[in-house]
Amino acid sequence: MKIGIDAIYRRVSVRTYDPAPLGPEAVAALEAAFLEAVPGPFGRKPRFTLVSRDGGAHGGKIGTYGVISGATTFIAGVVETGDFACVDFGYSLEGIILRATELGLGTCWLGGVFDRAVVKRALGAGRTEFCPATSPVGKASGKLGLQDRLIRAGADARNRKDASELFFSAGEDGSWFPLGTPGSFAPLLEAVRLGPSASNKQPWRLVADRRGPAEALHLFMQEERFYNNMLGAVKLQEIDMGIAMRHVEVAAASAGIQGSWNRLGASPVKSEGTRRYIASW
């Protein structure tokens, strides 16, 4: 899925929309993106569709409880249950969201304030499928609504952690040290730093490993266990890991850096406390 790096820099969370419906060209482009965005790095193929705010023929309202205003269309998706299902879903939906950004459309990740049953009915979800998140999609209204102002203030959404809190270098014994000079990894790391995350917690940690013949980046999740598990099968911070993995791929392709995601049999560097190894680039 070819996405330009500019989409990462341009994407913002939009909560106030022009209620005009999507045009046929935008619908066709999004439907193509649904197919291009899969599979995820762990092999699952989430399924996506567009649903109306009131659920259309599927009944019920998608229900954003005042968080979103004016949106008439939502990106709905489901994925098979299992290990790293939410990582695959986050990776795939972020690809769609970045494509929507390139189309000039607004989006906003929603993980906990909508009716998942409407989404499941719209996709005819099987017993082993679930919906981790959704997003409105449409033209931004052009003004910052009350929802935007309140949520941005509460989540401090304009701020990002300093790179020194997120990115590290592997010592000879696998310990983590301050990164220092990022070198060729610089655009990849900045792309991750700019990514959206649930409640703006930014749980990704990346360790640059230059000990072997080929450089690698190891992705870890700095998990807040209660927060990540409060919605059962929906792991909000695992979704964030998928977003980070997509951003690394987009930035690497833009910079002409070759690589791919793989999960090694054991953590390649030391993992302490609530740091969980996810995968390596």
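Leaving aside its neighbours within four places in sequence, which residues is Thr73 in contact with?

Modeller: The model is a predicted one. Beyond its neighbours within four places in sequence, Thr73 is in contact with Leu22, Leu50 and Val51, and also with Ser135, Pro136 and Val137. Thr73 itself belongs to strand E2, which spans residues 73-80. The relative accessible area of Thr73 is 13%, and because buried means under 20%, Thr73 is classed as buried.

As for the helices, the pair H2 and H3 may be taken next. Helix H2 covers residues 24-36 and helix H3 covers residues 85-102; their axes come within 9 Å and cross at roughly 150 degrees. Angles over 145 degrees count as roughly antiparallel, and H2 and H3 are therefore roughly antiparallel to each other. Their crossing is right-handed. On the side of H2, the contact is made by Leu30, Ala33, Phe34 and Glu36, and on the side of H3 by Ile96, Arg99 and Ala100.

Helix H7, residues 186-193, may be described by its buried residues, namely Leu188, Leu189, Ala191, Val192 and Arg193. The cover over these buried residues of H7 includes helices H1 (6-10), H6 (163-166) and H9 (236-255). Strands also contribute to that cover, among them E6 (167-170), E8 (204-209) and E9 (216-222).

Notes
Residues numbered from 1 in each chain as written. Predicted model: local features only at pLDDT ≥ 70, side-chain atom pairs only at ≥ 80, totals over all residues. Heavy atoms only, no water. Axes fitted to C-alpha atoms, helices over the stretch in contact; angles between N-to-C directions. Helix = DSSP H or I, 4+ residues; strand = E, 2+ residues; numbered from the N terminus. Parallel < 35°, antiparallel > 145°, perpendicular 65-115°, else oblique. Left-handed = near helix turned anticlockwise from the far one by under 90°. Contact = heavy atoms within 4.5 Å. Buried < 20%, exposed > 50% of the residue type's maximum accessible area, 1.4 Å probe, protein only.
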